[in-house]
Amino acid sequence: MRTTTSVHDFATTVDRARSAIEARGMTVIAAIDHGANAARVGLELRPTTLLVFGNPQVGTLVMLERQTAGIDLPLKLLIWQDEAGAVRLTYDDPAGIFERHQVQGRSEV
C-alpha cells in the first residue's frame, strides 16, 4: 500500500483523480463518500472518498492468469483528509497485487 500527499484541497483532488483515471481509459465504477455515510448514522469522519475503478479488458487478462486477483480488482483509490488537514491518496500498488496473486506472463497489462 502506498500513500502520497496532494497539493490540492479535498474536492479538487477527488475531481483530478477521477479525471486522471478516465484519461487513462479506465472507468470510475463507484465513488463512495465515507464521510457522508458516517454523517447519515450520526458519526463524524473527516472527508474520505473511495474511488473504485478499472478496465475490464485489462482486469480480465489478470484474472485469466489468476482468478483470485478478482478480490483486489477493480482497483481502488482512497482520498482522505488527515487530522492536520492534509489531503492524502492511498492505493495498493498494482505490482503488489501481481505479486500477491503470483501473476506472471501479463507484462502487457
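**Figure 1. Thr90 of strand S5 is the bridge partner of Leu78.** The view is taken from a predicted model, in which local features need pLDDT of at least 70 and side-chain atom pairs count only at pLDDT 80 or more, whereas totals for chains, interfaces and linings use all residues. Residues are numbered from 1 along each chain as its sequence is written, and side-chain values use heavy atoms, with hydrogens and water left out. S4 and S5 run antiparallel and are joined by five bridges; two strands count as paired if DSSP finds at least two bridges between them.

**Figure 2. S3 and S4 pair in the antiparallel sense.** Six bridges link these two strands. Leu50 has Leu78 of S4 as its bridge partner, while Thr49 is bridged to Ile79, likewise in S4. Leu78 also has a bridge partner in S5, namely Thr90.

**Figure 3. Five strands form an open, antiparallel sheet.** The strand order is S1-S5-S4-S3-S2. Strand S1 (2-5) and strand S2 (27-33) are the edge strands, each pairing on one side only. The chain holds four helices and five strands, taken as DSSP runs numbered from the N terminus (helices: H or I, at least four residues; strands: E, at least two). From the N terminus on, these elements follow the pattern β-α-β-α-β-α-β-β-α. The C-alpha trace of the chain spans about 45 × 30 × 20 Å along its principal axes. Of the 109 residues, 29% count as buried, that is, under 20% relative accessible area; exposed means over 50% and partly exposed lies in between (1.4 Å probe, protein chains only).

Figure 4. Two or more lining residues come from each of helix H1 (10-23), strand S3 (48-54), strand S4 (75-81), strand S5 (87-91) and helix H4 (94-101). H1 provides the largest share of the lining, with five residues. By class, the lining consists of 14 nonpolar, four polar and five charged residues; Ala, Val, Leu, Ile, Met, Phe, Trp, Tyr, Cys and Pro count as nonpolar, Asp, Glu, Lys and Arg as charged, and the others, Gly among them, as polar.

**Figure 5. A cis peptide bond joins Leu73 and Pro74.** The omega angle of this bond is about 5 degrees. Pro74 lies in the loop between helix H3 (56-65) and S4, and Asp72 is found in that loop as well. Asp72 counts as buried because its relative accessible area is 9%. The side chain of Asp72 makes a polar contact of 2.5 Å with the side chain of His101; such a contact is a pair of N or O atoms within 3.5 Å, and within protein one must be able to donate a hydrogen and the other to accept it, with residues adjacent in sequence counting only if both atoms are side-chain atoms. Val62 belongs to helix H3 and is buried, with a relative accessible area of 3%. The C-alpha atoms of Val62 and Leu73 are 9.2 Å apart, with 11 residues separating the two along the chain.

**Figure 6. At the start of H4, a side-chain oxygen of Asp93 reaches to within 3.1 Å of the backbone nitrogen of Ala95.** H4 is followed by Gln102. Gln102 has a positive phi of about 55 degrees although it is not a glycine. Most residues other than glycine have a negative phi, and most peptide bonds are trans.

**Figure 7. Val41 is placed in the loop between helix H2 (34-40) and S3.** Val41 counts as exposed because its relative accessible area is 59%. Val41 and Pro94 are 53 residues apart in sequence, and 34 Å separates their C-alpha atoms in space.
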